[in-house]
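Try each task before reading its solution.

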Amino acid sequence: MRRILSVLLENEPGALSRVVGLFSQRGYNIETLNVAPTDDQTLSRLTVTTTGDDLKIEQITKHLNKIIDVVKVVDLTEGAHVERDTLLVKVRAEGPQRDEVKRTTEIFRGQIIDVGPVTYILQLTGPSDKLDSFLQALGETEVMEVVRSGVAGMARGEKVLAP
Amino acid sequence: MEMLSGGDMIVRALEDEGVEYIFGYPGGAALHIYDALFKGEKVPHILVRHEQAATHAADGYARATGKPGVVLVTSGPGATNAVTGIATAYMDSIPLVVISGQVQSHLIGEDAFQETDMVGISRPIVKHSFLVKRVEDIPATLKKAFFIASTGRPGPVVVDIPKDLTHPEHKFPYEYPESVSLRSYQPSSKGHSGQIRKAARMLLGARRPVIYAGGGVIQGEGAAQLTALARRLNYPVTNTLMGLGAFPGTDRQFLGMLGMHGFYEANMAMHHADVILAVGARFDDRVTNTVSKFCPGAKIIHIDIDPASIAKIVPVDIPIVGPVSTILEELDKQVMQQMEGAERALPDESSLNQWWQQIDSWREAHGLWHGRRYGESEAIKPQDAIQALYQATRGEAYVTSDVGQHQMFAAQYYKFDYPRRWINSGGLGTMGFGLPAAMGIKIALPDADVACVTGEGSIQMNIQELSTCSQYACPVKIINLRNDYLGMVKQWQDMQYEGRYSESHYAASLPDFVKLAEAYGHVGLEVRAHKDLLPAMEEAFALKDKLVFLDIHVDPDEHVYPMMVAPNGAMKDMWLSKTERT
């Protein structure tokens, strides 16, 4: 099962490598990884999506908590939550494709953020599966390059992840 | 405020932390620190002959005293040589603070001379590590390092310090913090009362209980509490390799060690138990054998300081996270209250009696000495050598070991009545651990008898420390069970590879250990006949001020038994001798 773990991490050199090292060392899988400082500059927030049964996720959570730089860990998929992933995709946009791509992007409420003579860069934000669908919907359009931010997420309602 | 250089700060911080000894080896990136040490004069430094030995010596010191061991090495090869010792300490949860010199800050990342990314290289084998960036941070970083190493589930902490930060002319205000608090690290101080109550109820309702106690009981200072609880309940106790001494080895309730080379009665009792109280143990693969066949009828209570150890291998019915000492104390109180408040006698006397009868019959059938007796052959049996060591030291010695057959024989045949007396590398299984560890213990406890049980394979992995033992007058006794083979490798080759001794034999090239010991200024004694065994052992320990190297020629064909059957065996499946199995 797919899980989203959100981790508050001391914003220290080497902290990220401890988290990533734990996953590789113990054979856990990282599907996406997103990390950036929070409003509190001493803290980074890291979101990792991984897969595993309850037992495995429990072990991952426990091991994450053991890392001295980790302040808090929460499994967002345990409760109601929102998740967002951002996709940038560079496509070849020539001739009739130019309009076709524009229409598809509008349907998915995406944006064209760069217009070249024969290319577009498209931007789309949403849950991962929406981004996957969009890439599929591009159909025969030639996709030249793709980059995704990885999932970031939060619990709905009053629940917060704070130190 | 006092102004100190980074080098002086390190030395002062170690003094302020109450450090008794530093084990180390100087080199370029650590020279400013060594110069500060020279001027400091307060904390004695033990100069080893190889950095691996520094970590093992500090580790032995920590295991015997309960205080964190301190290591000081230089960058690059100094640091990488220390890695095996750090991994050894990590696997057995031993508190170490390892200070490594690093190349100057501006050279980091440039493949400078003797540069290695110590924080990176040690990352999977440390509890935590620091790369210090500013001189002002040195005191607080060291305080944190000691705090993290010695609290919660203990472990090694690396502090990597670039050379420019220790420069004698760059002085900054020094203040050693009284205490430290980390928002991301708050080890639990007490177990959950509700869980403890439930555990007491489950324990008292048991009909075939076993207490399975590991190294956590020793590291967590819970041996007295464990013994009190076990005696109140009259329940059988088994210890892991790391837990020997957590419950008195000579006690009637003690079933011996469990696991791969555990006692027959211990493994049988585990397999047939209905309630297992696991304390400070981690269901290691050397204990469980095939996990799916592990203790099929047992409910499990698991007490451990580390939540990640709980339900890692085996599902647990009642988990209790926290320090074993306070939890065992509270559990004992709960047990006592529930016994007093119960309408009928608890635990049920007749089922407990039956259980003990069953255990006694197992003991009788295949106990450790079954079918053999001390001194029955002219050739020396390795088991008899350990028995003689036990007699000569009246069971009071600190015994370190290396890794292999001799280690298992020592664990089986030396009965440890106290915690912190049996000191071996259980988790990592590091050959070469024994001699430097013994050195660390003897330095800390000069009046104690310290024996290093080893083999001619292991001892050669750190034999250079015979020189350190001369320099610091460390009269440890080396009990070399010499069988001219890598004994445990040979045993496996006998059992699983039809006796093809691939690279496990080297008799013709072994040194004359007696002369070797003498070359370092020690005493060497060779023992070839059983009749000379005990007298030689007694002579060795009578030579109080001398390191004695006892080169004991033992029967090379001896195997360690019992031995759990693998793969696909349960704990009850054991070889009991070369021909018998359960």
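The exercises cover a helix pair, a sheet and a chain contact in this predicted model.

**Exercise 1. Classify the packing of α3(B) and α4(B), and find the residues that meet.**

Solution. Start with the geometry. Helix α3 (residues 51-65) and helix α4 (residues 77-91) of chain B pack at about 30 degrees, and their axes are 7 Å apart. Angles under 35 degrees count as roughly parallel. α3(B) and α4(B) are therefore roughly parallel to each other. Next, the handedness: α3(B) passes α4(B) in a right-handed crossing. Now the residues. From α3(B), B:E51, B:Q52, B:A54, B:T55, B:H56 and B:D59 take part. Their counterparts in α4(B) include B:G78, B:N81, B:A82 and B:G85. By type, the residues of this contact are 4 nonpolar, 8 polar and 2 charged.

**Exercise 2. Determine the strand order of the open sheet in chain B, and identify the edge strands.**

Solution. Six strands line up as β3-β2-β4-β5-β7-β6, with parallel pairing. β3 (45-47) and β6 (128-131) of chain B each have a single partner strand, so one side of each lacks a neighbour in the sheet. On average, neighbouring strands are turned by 20 degrees against each other, direction ignored. Then look at one pair. Strand β2 (residues 22-24) of chain B joins β3(B) through 3 bridges, in the parallel sense. There, B:F23 has B:I46 of β3(B) as its bridge partner.

**Exercise 3. Describe the side of chain A that touches chain B.**

Solution. Count first: 16 residues of chain A contact 12 residues of chain B. Then locate them. On chain A, α1 (15-25), α2 (54-66) and β4 (70-75) each give two or more residues. Finally, sort by type: this side of chain A has 5 nonpolar, 6 polar and 5 charged residues.

Note on methods. Residues numbered from 1 in each chain as written. Chains lettered and ligands numbered in written order. Predicted model: local features only at pLDDT ≥ 70, side-chain atom pairs only at ≥ 80, totals over all residues. Axes fitted to C-alpha atoms, helices over the stretch in contact; angles between N-to-C directions. Helix = DSSP H or I, 4+ residues; strand = E, 2+ residues; numbered from the N terminus. Parallel < 35°, antiparallel > 145°, perpendicular 65-115°, else oblique. Left-handed = near helix turned anticlockwise from the far one by under 90°. Contact = placed C-beta atoms within 7 Å. Nonpolar A, V, L, I, M, F, W, Y, C, P; charged D, E, K, R; others polar. Pairing = 2+ DSSP bridges.
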